[in-house]
Amino acid sequence: MTNLANSGRFVTVPVIALLRRMRHIRTNKTRHASDRSLGFETAHPGGFLFLAIANLPINPGMKFAKPAVSIEGQIALLEARGMTVPDHQHAKHCLQHMSYYRLRAYWLPFEDAAPAQGEHKFRAGTSFDDVLALYVFDRKLRLLVMDAVERVEVSLRGSWAHHLAMKYGSHGYLDPTLYHRADRYAKAFTSLLDEIERSKDTFIKHYRDKYDDPEHPPIWMTAEVISLGQLSKWLGNLKLRPDRQAIAKPYGLDERVLVSLAHHLTYVRNICAHHGRLWNKQFTVTMMMPNSPASLKLAMNKASDRRLYNTLAVLGYLMNVVAPGSRWRHEVIDLADSCPLADHHAIGFPANWKTLPAWRV
């Protein structure tokens with residue numbers, strides 16, 4: 001780096017900035033054999049890259065200059081844009097405890113489709129109460145989904161643990177030869193050990209205190225601390241299809257669908273756990289469409305596979321399996337009817353969804 005150091009043209013940037021720049025260059029079909037050919041040399045003490053720049057422009061991007069706005073100012077801004085705020089004190093309370101930026105996602109549908117000169121005006125008749133009703137609807141929807149995912153997750157843990165314990169013994173699940181890819185097994189095993197180590201459950205402590213052979217807990221204990229995301233990886237990496245089929249059998253689903261569903265539900269659960277929006281959300285992690293049973297296949301909306309509706313349809317089916325007699329599907333229907341402002345199309349509901357066998361309650 002001596003020749004470049006003499007030029008005095010050094011810039012310190014986070015690693016992510018470098019990666020973005022390199023990705024941009026490669027995307028534009030420019031191939032480089034090394035960092036030196038890109039026009040810089042690198043070192044990385046302290047987690048940063050020190051770049052000696054030689055004819056490589058770095059665009060810092062636009063500077064963020066938006067000022068913070070008081071809650072009273074936020075209400076004034078909403079009113080200036082055309083929103084009716086019937087009760088200022090109530091609106092102030094909501095903005096204090098929910099935040100302007102969080103509620104913003106729920107008033108976007110009320111904005112004019114083509115704002116003039118970048119001004120985001122609300123359609124005539126838009127009320128703060130309408131926005132709040134949509135927010136409350138989404139919150140109730142999220143709680144319903146979390147309720148079903150929890151029950152399905154607990155059941156899936158049990159099915160996984162019972163089958164592998166009965167076939168391979170209490171600790172057979174740790175046998176690396178049961179898994180298709182050794183690298184995925186090694187990564188999953190490391191993550192599992194971390195989860196066990198973090199566990200404060202009495203039964204884990206009891207096992208550690210009393211036993212040292214085998215070192216790790218039996219699968220029925222592990223099943224109580226493993227996360228849904230980890231479980232989906234252990235399940236998906238099982239080498240033998242008959243093992244995956246046996247775990248999927250109680251649910252009446254093909255094993256490929258179950259593995260895909262476990263991965264998808266992990267994604268949905270994480271959205272819910274972080275209080276994210278489900279209404280009108282476009283998912284990036286989808287699931288395989290089931291071909292059986294017939295009622296479930298008929299209920300699926302293939303034209304809207306990145307919306308929540310298909311998840312609701314599968315959860316409704318699984319709730320009948322894991323919690324017979326549950327009113328969960330009734331609650332979904334009641335909630336959908338409770339908020340006319342919540343556009344069903346934005347959730348992926350087909351027009352005739354209530355008439356389908358899967359939703360006849």
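Q: Which residues of H7 and H15 meet in this model?
A: In this predicted model, H7 contributes Leu141, Val145, Asp147, Ala148, Val149, Arg151, Val152 and Ser155, and these meet Leu312, Leu315, Leu318, Met319 and Val322 of H15.

Q: What is the make-up of that contact by class?
A: The contact of H7 with H15 has 10 nonpolar residues, one polar residue and two charged residues.

Q: And at what angle do the axes of H7 and H15 cross?
A: They cross at roughly 50 degrees, and the axes come within 10 Å. H7 is therefore oblique to H15.

Q: Left-handed or right-handed, that crossing of H7 and H15?
A: The crossing of these two helices is left-handed.

Q: Staying with H15, where is Thr311 found, and is it buried or exposed?
A: Thr311 is found in helix H15, which covers residues 309–322. Thr311 counts as buried because its relative accessibility is 1%, under the 20% limit.

Q: What does Thr311 touch?
A: Not counting residues up to four places away in sequence, Thr311 touches His264, Leu265, Val268, Phe283 and Met287.

Q: Back to H7. How does H7 pack with H11?
A: Helix H7 (residues 128–168) and helix H11 (residues 228–236) pack at an angle of about 40 degrees, and their axes are 11 Å apart. That angle makes H7 oblique to H11. The crossing of H7 and H11 is left-handed.

Q: Which residues make the contact?
A: On the H7 side they are Val149, Glu153, Leu156, Arg157 and Trp160; on the H11 side they are Leu228, Leu231, Trp234 and Leu235. By class, the contact of H7 with H11 has seven nonpolar residues, two charged residues and no polar residues.

Q: How many residues of H11 are buried?
A: Seven of the nine residues of H11 are buried, so the helix is mostly covered. The buried residues are Leu228, Gly229, Gln230, Leu231, Ser232, Trp234 and Leu235.

Q: What do the buried residues of H11 pack against?
A: They pack against H7, helix H8 (182–198), helix H12 (241–248) and helix H13 (255–273).

Q: Changing topic to the loops: where is Pro218?
A: Pro218 lies in the loop between helix H9 (202–210) and helix H10 (219–225). With a relative accessible area of 4%, Pro218 is buried.

Q: Which residues is Pro218 in contact with?
A: Leaving aside neighbours within four places in sequence, Pro218 is in contact with Ser170, His171, Tyr173 and Tyr207.

Q: What separates the C-alpha atoms of Pro218 and Gly169?
A: A distance of 8.6 Å separates these C-alpha atoms, and the two residues are 49 residues apart along the chain.

Q: Now cysteines. How many disulfides does a search of the whole structure find?
A: The search finds zero disulfides.

Q: Are Cys94 and Cys339 buried or exposed?
A: Cys94 is buried, with a relative accessible area of 1%. Cys339 also counts as buried, because its relative accessibility is 6%, under the 20% limit.

Q: What share of its residues count as buried?
A: Of the 361 residues, 42% count as buried.

Q: And what share of contacts join residues at least 24 apart?
A: Among contacts between residues at least 6 apart in sequence, 66% join residues at least 24 apart.

Definitions and conventions
Residues are numbered from 1 along each chain as its sequence is written. This is a predicted model: local features need pLDDT of at least 70, side-chain atom pairs count only at pLDDT 80 or more; totals for chains, interfaces and linings use all residues. Side-chain values use heavy atoms; hydrogens and water are left out. Axes are lines fitted to C-alpha atoms, for helices over the stretch in contact, and angles run from 0 to 180 degrees between N-to-C directions. Helices (H or I, at least four residues) and strands (E, at least two) are DSSP runs, numbered from the N terminus. Angles under 35 degrees count as roughly parallel, over 145 as roughly antiparallel, 65 to 115 as roughly perpendicular and the rest as oblique. A crossing is left-handed if the near helix is turned anticlockwise from the far one by less than a right angle, and right-handed if clockwise. Contact means heavy atoms within 4.5 Å. Ala, Val, Leu, Ile, Met, Phe, Trp, Tyr, Cys and Pro count as nonpolar, Asp, Glu, Lys and Arg as charged, and the others, Gly among them, as polar. A disulfide is a pair of cysteine sulfur atoms within 2.5 Å. Buried means under 20% relative accessible area, exposed over 50%, partly exposed in between (1.4 Å probe, protein chains only).
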